[in-house]
Amino acid sequence: MSAPSVWQGAGRRLFIQEVGPRDGLQMESVFVPTEHKIALVNALVVTGMAKVEVTAFVSPQAIPALADAQEVLARTTRCPGTVLTCLVPNVKGAERAIAAGADELNLVMSASETHNLCNLRMLREQSWVGLQAVIATAQQAGVAVNVSLSCSFGCPMEGDVPVDEVFAWVQRFVAAGVQGITLCDTTGMAHPRQVHAMVQAFKARWPATTLTLHFHDTRGMALANVLAAIDAGADRFDASVGGLGGCPYAPGASGNACTEELVHALQLMGYDTGVDLAALTQIAAGLPGLLGHDIPSPIVKAGPAHQLHPAPASLPEIRARAMAR
């Protein structure tokens, strides 16, 4: 029996993970007031997301936009079925996130040496040493760990990153006991054939490890890559409300996969995302007022496909003329 087509969701469950409050807001030049951040996160949580990346416990000097991480996480509404995750760079950040009630810690390093140096100011081996200590801290506290590997599908400075090199890092973290791995297309370099092959290989090698795909729409390929990943067996995807975000250390990279665009497409194809699209779109529509600039979301701009528009007032006249011919 052949595998079901990617075009026929048939109720298959997919898990959408919202990263806008962290990956999106960290790119903003203005500081979003804490109360507004909390309102945004709480609104996203109740839409039915499988996971929400609430904030990052990093130095306020490094990312001033997220200086209020402790208060935002502590005041985030808990919703059954939604994991609250936070990015942490080191043991100090991990301890703060655990104290504030994080369900999961998200650790980040790059599969590319050059990008790791630019983004984290460390060699990959130095990142590995530091992250081992973070993993141990989380394990001692009984908190889950996910590791996001940036530039898994290519580096804007090095070019292709060999799959064997990416998977060698995956193996290290799996052996260290992490529950999940995110393969990140940090600068929108991935393409469907590459994604399909990597997902298939990952699933075959680490079937018990939770795999997430994190795509950027820098070159308009995010949705195509999601579909390729689904076809290869993936079921968990990061996305950012309104299409916000990017990578501050990656030249030309802007815009994560847009959450409402992704949910809209997948639901039309018959997949069960568990997300309330109308509520999500309403949240995205409020972002320009919150941030002071337009957002790339096509669903906010054009509405969902089932949203119909009135015919022109002159339609009866047009119809009469057509019938008189």
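A residue counts as buried when its relative accessible area is under 20%, and as exposed when that area is over 50%. Keep those cut-offs in mind for this predicted model.

**Helix α11**
- Helix α11 spans residues 277-285, and its buried residues are L277, L280, T281, I283 and A284.
- These residues sit on the same side of α11, because they cover an arc of only 155° around the axis.
- An α-helix has 3.6 residues a turn, so residues three or four places apart point the same way.
- A278 and Q282 are exposed, on the face of α11 turned away from the buried side.
- The cover over the buried residues of α11 includes α2 (34-45), α10 (259-268), α12 (287-291) and α13 (298-302).

**The largest nonpolar core**
- This core holds 91 residues.
- L105, F173, L183, L213 and F215 touch the most other members.
- Helix α9 (residues 222-231) supplies the largest share of the core, with six residues.
- Beyond its neighbours within four places in sequence, L213 contacts several residues, including F153, L183, V199 and F237.
- Also among the contacts of L213 are T182, R236 and D238.

**The largest pocket**
- The largest pocket contains about 870 Å³ of space.
- Its lining is made of 44 residues.
- Nearest the pocket centre lie R22, L87, V108, N119 and L120.
- Helix α6 (residues 124-141) gives the most to this lining, with four residues.
- The lining has 20 polar, 16 nonpolar and eight charged residues.

How values were computed:
Residues are numbered from 1 along each chain as its sequence is written. This is a predicted model: local features need pLDDT of at least 70, side-chain atom pairs count only at pLDDT 80 or more; totals for chains, interfaces and linings use all residues. Side-chain values use heavy atoms; hydrogens and water are left out. A nonpolar core is a set of buried Ala, Val, Leu, Ile, Met, Phe, Trp, Tyr and Cys residues joined through side-chain atoms within 4.5 Å. Buried means under 20% relative accessible area, exposed over 50%, partly exposed in between (1.4 Å probe, protein chains only). Helices (H or I, at least four residues) and strands (E, at least two) are DSSP runs, numbered from the N terminus. Contact means heavy atoms within 4.5 Å. On a 1 Å grid over the protein atoms alone, a cavity is a set of points where a 1.4 Å probe fits but cannot get out, and a pocket is an open set with protein on both sides within 12 Å along at least five of seven lines; lining residues have an atom within 4 Å of a point. Grid points are joined across faces, edges and corners, and a volume is the space filled by probe spheres set on the points. Ala, Val, Leu, Ile, Met, Phe, Trp, Tyr, Cys and Pro count as nonpolar, Asp, Glu, Lys and Arg as charged, and the others, Gly among them, as polar. The arc is that of the directions from the helix axis to the C-beta atoms.
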